[in-house]
Amino acid sequence: MKKILITGGAGFIGSHVVRRFVNNYPDYHIVNLDKLTYAGNLANLSDIEDKPNYSFVKIDITDASAINQLFGRENFDAVIHLAAESHVDRSITDPTAFVMTNVIGTVNLLNAAREYWKDDYSNKRFYHISTDEVYGALGETGMFTETTAYDPHSPYSASKASSDHFVRAYHDTYGIDCVISNCSNNYGSHHFPEKLIPLAINNIKNNKPVPIYGKGENVRDWLWVEDHARAIDVIFHQAKAGETYNIGGHNEWKNIDLIHLLCKIMDDKLGREAGTSAKLITFVTDRAGHDLRYAIDSTKLQKELGWTPSLQFEEGLEKTVDWYLVNEEWLNNVTSGNYQSYYDKQYNGR
Ligand code: NAD
Ligand code: TYD
């Protein structure tokens with residue numbers, strides 16, 4: 001039986017990865033490590049929490065001694081590392097939290113892997129989940145490939161770029177089997193409503209203004225989160241040590257066009273007259289250092305490992321809206337408490 005540590009498993013993408021591995025690999029034991037920050041929610045995993053091949057530990061990855069104790073206790077075969085501070089706007093307000101978790105936390109995990117696996121690095125794997133944002137911003141044309149030079153602009157992307165460099169350094173210096181993937185923007189169920197799509201769904205549902213930064217001209221390449229989890233599965237099992245793969249949806253949308261599509265879906269689902277939700281669109285002050293465009297070339301992953309995205313965006317977005325409308329309690333829970341003060345500070349200048 002393989003024992004796999006998945007960090008950040010209570011978050012958006014991590015919960016989909018944990019669910020997939022627990023359900024698809026009954027001969028693996030999955031240990032989900034999470035600090036349970038505002039973004040971590042064990043309710044995301046209520047459907048698998050009683051499975052015999054799943055367990056949870058509440059640990060902060062900035063706590064090196066807790067990480068070392070865990071590695072000393074459990075004989076991990078592999079790490080899939082997703083735990084991170086993940087929201088660009090929060091990184092603009094508080095960059096240090098991003099350095100601590102994304103850089104120091106990653107190095108703490110790498111140090112533990114180095115220490116506890118050093119007798120035999122074969123059959124071990126450290127898989128680091130990263131973002132396309134490390135490559136910086138594109139103009140109107142071009143795509144990021146695995147050889148695009150790193151050029152991060154936000155404190156979030158700078159911290160992820162730094163963590164990627166450390167992972168490669170530990171592979172090159174100590175010979176740890178490391179793999180990295182850089183993915184485009186994900187969407188789907190269990191997405192915390194500070195990010196564009198779930199925030200807009202929540203606001204439209206509640207007849208609140210939908211804030212669009214600048215003129216809404218920025219472009220993102222959206223991927224269904226379950227397609228990302230499947231890509232992680234494929235890369236984890238098939239990639240050669242030291243490899244990097246880009247993961248993307250070949251699905252570029254200007255923010256304003258995406259929000260208009262979302263408004264149309266929401267009008268249909270909520271039985272509102274066509275055009276009602278679009279009236280909520282409100283242009284607000286642009287994000288500082290706002291990257292114009294991201295687009296991923298995932299040819300390497302498609303050609304070498306045979307992965308392709310499964311869902312068309314319109315279908316995925318509709319499924320996502322359905323999930324949020326059905327799971328009202330989840331949405332109400334995560335938007336109670338500190339959410340309102342974050343929202344007021346970010347959008348209402350209070
Ligand atoms: P998320 O914010 O939804 O979840 C992050 C999880 O990490 C939470 O459960 C949180 O509690 C946990 N965490 C945060 N700090 C921690 C700490 N110090 N110790 C232990 N746990 C901690 O993020 P997400 O969107 O699911 O992103 C997961 C990973 O994927 C991140 O590494 C992110 O950079 C990367 N990524 C995200 C996207 C995207 O579109 N969301 C795209 C590409 C890559
Ligand atoms: P976001 O979901 O925060 O992801 P990222 O910044 O990592 O790409 O934002 C997606 C896009 O939507 C990005 O161009 C910023 C924009 N955006 C808004 O226009 N309004 C908002 O309230 C938010 C959160 C984002």
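Author: Let's start with one contact: an N or O atom in the side chain of Asn185 sits 2.9 Å from an oxygen atom of ligand 2. That is a polar contact, meaning a pair of N or O atoms within 3.5 Å (inside the protein, one must be able to donate a hydrogen and the other to accept it, and residues adjacent in sequence count only if both atoms are side-chain atoms).

Before going on, a word on what you're looking at. This is a predicted model, so to speak of local features takes pLDDT of at least 70 and side-chain atom pairs count only at pLDDT 80 or more, while totals for chains, interfaces and linings use all residues. Residues are numbered from 1 along each chain as its sequence is written, chains are lettered from A and ligands numbered from 1 in the order written, and side-chain values use heavy atoms, with hydrogens and water left out.

Back to the shell. There are 18 residues around ligand 2, and Glu133, Arg220, Arg287, His290 and Tyr347 come nearest; a residue is near if one of its heavy atoms lies within 4 Å. By type, the shell has seven nonpolar, five polar and six charged residues. Here Ala, Val, Leu, Ile, Met, Phe, Trp, Tyr, Cys and Pro count as nonpolar, Asp, Glu, Lys and Arg as charged, and the others, Gly among them, as polar.

Which elements give two or more residues to this shell? They are helix H3 (88-93) and strand E8 (210-213), and E8 gives the most, with three residues. Helices (H or I, at least four residues) and strands (E, at least two) are DSSP runs, numbered from the N terminus.

Now the other ligand, for context. Ligand 1 has 28 residues around it, with Ile13, Asp34, Ser86, Tyr156 and Lys160 coming nearest. Its shell divides into 13 nonpolar, eleven polar and four charged residues, and E5 gives the most, with three.

Stepping back, the protein has twelve helices and twelve strands. Its C-alpha atoms fill a box of roughly 65 × 45 × 40 Å along the principal axes.
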